[in-house]
Amino acid sequence: MANPPSSPENGDQPEFAPEYSSAPSSSPHHKMSPRNRALIFVTAWLIVLMPFLFWWNTWFGRRLPDRQISEYLQDEKHPRHIQHALVQLGERMARHDPSATRWYPDLIGLAAHPVEEVRNTDAWVMGQDTADPAFHETLLTMLQDPSLMVRGNAALSLVRFGDASGRAQIVALLLPARIVTLTAGRVTDTDKVGTSIHQGGLIAKLQIDPSKVASQSGQQSTELRSPISGRIRTLSVAPGSTVTAGAEVATVDPDDEQVWEALRALYLIGQPDDLPAIRPYERELPEISSRVRQQALLTEKSIHDRASALQ
């Protein structure tokens, strides 16, 4: 450590000594400049605004003018825009607004849209106007859709037409969905039994058998997702295990809303053969809501009454 400088012999103040002024010393806390204050304000404003804008742009309840409905129905890059327009049209149709009829050809064309969620919403919307025979015909073809939910929504809409052609698809909405792998591989990850899951939620991940990679267009892994919203009922695999093509990986119990809608439809068109699928929802269990249990009881009674009337 260096020695401190010695005092000058002549008593003069050393050159390095600080010169004290009579002016008050400045505050150690610098005042924020107007520019920095503005930046902080804008940043805080954006933090609040961005979630609102995201919600506003994805909320299907936001009213669309006619021009925007036409644009959204043709927006192939944003399927949610198509869904937004469909929901808006469904609300108009439910109010018997004649302005909705100009888009009816678009609704019929969307029944073959490649995105499942669009077809699903479309099937629901076409059930809002039971006076259109083209909707009735289109919904009948949608009973063959590869998606369980699209088939179910088409069947529910057909009930509005007084058509019970989709009864089997409605009963299927009460049953657990089976998750089956289409390829052999090793399980790398799974969710847990009892977990609530949304439609399209991840159930398990597979590493594809190397001998099958060529047939999968070079894809080395795949994800198994739930076709419905609900709760994972069973898992037949664990991480590290291997599965063969066609093996059942999991089952998912349908959620409350799906079951309730199916029971309401079967109240009108259900048959005694449907009772085994209905009765499990009459039990007093924590996972069965009171409204579902009550609707199941009412549905069974309605089926018995109809059967008795036919005898």
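Q: Why does Arg291 count as partly exposed?
A: Buried means under 20% relative accessible area and exposed over 50%, with partly exposed in between (1.4 Å probe, protein chains only). Arg291 has 32% relative accessibility, so the residue counts as partly exposed. A word on the basis: this is a predicted model, where local features need pLDDT of at least 70 and side-chain atom pairs count only at pLDDT 80 or more, while totals for chains, interfaces and linings use all residues. Residues are numbered from 1 along each chain as its sequence is written, and side-chain values use heavy atoms, leaving out hydrogens and water.

Q: What makes Arg291 and Glu257 a salt bridge?
A: The term asks for a side-chain nitrogen of Lys or Arg within 4 Å of a carboxyl oxygen of Asp or Glu. Here the N to O distance is 2.6 Å, and the pair meets the rule. Arg291 sits in helix 11 (residues 290-310) and Glu257 in helix 9 (residues 256-269), 34 residues apart. Helices here are DSSP runs (H or I, at least four residues), numbered from the N terminus.

Q: Is Glu300 buried or exposed, and how do you know?
A: Glu300 has a relative accessible area of 12%, so this residue is buried. Its salt-bridge partner is Arg279, at 3.0 Å, N to O. Arg279 has 41% and is therefore partly exposed.

Q: Why is Asp66 called partly exposed?
A: Its relative accessibility is 32%, so Asp66 falls in that class. Asp66 also meets Arg102 in a salt bridge of 3.6 Å, N to O, and Asp66, Arg92 and Arg102 are linked in a network of salt bridges.

Technical notes. Helices (H or I, at least four residues) and strands (E, at least two) are DSSP runs, numbered from the N terminus.
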